[in-house]
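Please examine the sequence and the model shown here before reading on. The paragraphs that follow treat a group of strands and then a pair of helices.

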Amino acid sequence: MIINKKTSMLKREPLLILMDGHAMVYRAWHAIQQPLTIRNTGEEVGAVFGFLNTFLRCLEDLQPTHCAIAFDVSGPTFRHVEYDAYKAQRPPMPPELYPQFDRIRHIMDAFGIPIFEYKGYEADDVLGTLCRQAEEQDMETMVLTGDTDELQLVSNRVRVLLSYSVQGKVVYDVAKVRERYGGLGPNVIPDIKALQGDTSDNIPGVPGVGTKTAIRLLNEYQTVEGIYQNLRKVTPPRIQKSLEDHKELALKGKFLTTIVR
């Protein structure tokens, strides 16, 4: 992942780094095991410290030519309008974390990093739109996140650097996504999540359909819609019955998990 600096200075291909602001801040927050405070004021800055460490390390390792960050906007999104239980299980933001987002925004301003957000949509949708725009300009993009939803953005021009622990990080290209999901490509990830459910977003999925079954069915029928067009061929019978009984839930799950671009 580390680029040879001497080589990179000779000819720089454009590289856009897109950061999933909320995912990265929460990841930094949970990574710090004990409170970090400013001595004079007592203000907690653990998330700021962790986020800034990650940001500076990525600048050093990836040597991007362009960079931007996206944040969620407070208030309901179109997904909440469609499904009022969307993310309803999530606890409120800890009060000591909330002001740290403002600190991080100030840091981004100081670095000249543009902040993108859009009312009624999530940061995922903003990042998806920016990825599409970058692809249209033939620009390489790396998305920094801890959210597997964004693996659906992977393409020949887009990779995702997924953080899953303090030190654990994996770069996903198309081949790596296929390896993770039994040969299925990035475009099928919303279908997988629609069938198996996604506890982080409170999407229930189809009862009895886990990851392995979802991958098997999608390898046979390509999409959720394709499964329902061939429902009578689905085995075993209990899975066929569960799919039949929960069709509306499955289709709504795909709508909710699909990133708008």
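**Strands and helices**

Strand β4 and strand β5 (residues 158-163) pair in the parallel sense, over 5 bridges. Strands pair here if DSSP finds at least two bridges between them, and strands (E, at least two residues) and helices (H or I, at least four) are DSSP runs, numbered from the N terminus. Val 143 has Val 160 of β5 as its bridge partner.

This is a predicted model, in which local features need pLDDT of at least 70 and side-chain atom pairs count only at pLDDT 80 or more, while totals for chains, interfaces and linings use all residues. Residues are numbered from 1 along each chain as its sequence is written, and side-chain values use heavy atoms, with hydrogens and water left out.

β4 is also joined to strand β1 (residues 15-20), again running parallel, by 5 bridges. Here Met 19 stands opposite Leu 144 of β4. Because 5 of the 6 residues of β4 (residues 140-145) are buried, this strand is largely enclosed by the rest of the structure; buried means under 20% relative accessible area, with a 1.4 Å probe and protein chains only.

Helix α8 (residues 189-196) packs with helix α9 (residues 211-221) at an angle of about 130°, and their axes lie 9 Å apart. The axes are lines fitted to C-alpha atoms over the stretch in contact, and angles run from 0 to 180 degrees between N-to-C directions. The two helices, α8 and α9, are therefore oblique to each other, since angles under 35 degrees count as roughly parallel, over 145 as roughly antiparallel, 65 to 115 as roughly perpendicular and the rest as oblique. Asp 191, Ile 192, Leu 195 and Gln 196 of α8 make the contact with Thr 211, Ala 214 and Leu 218 of α9, where contact means heavy atoms within 4.5 Å.

Terms used. Buried < 20%, exposed > 50% of the residue type's maximum accessible area, 1.4 Å probe, protein only.
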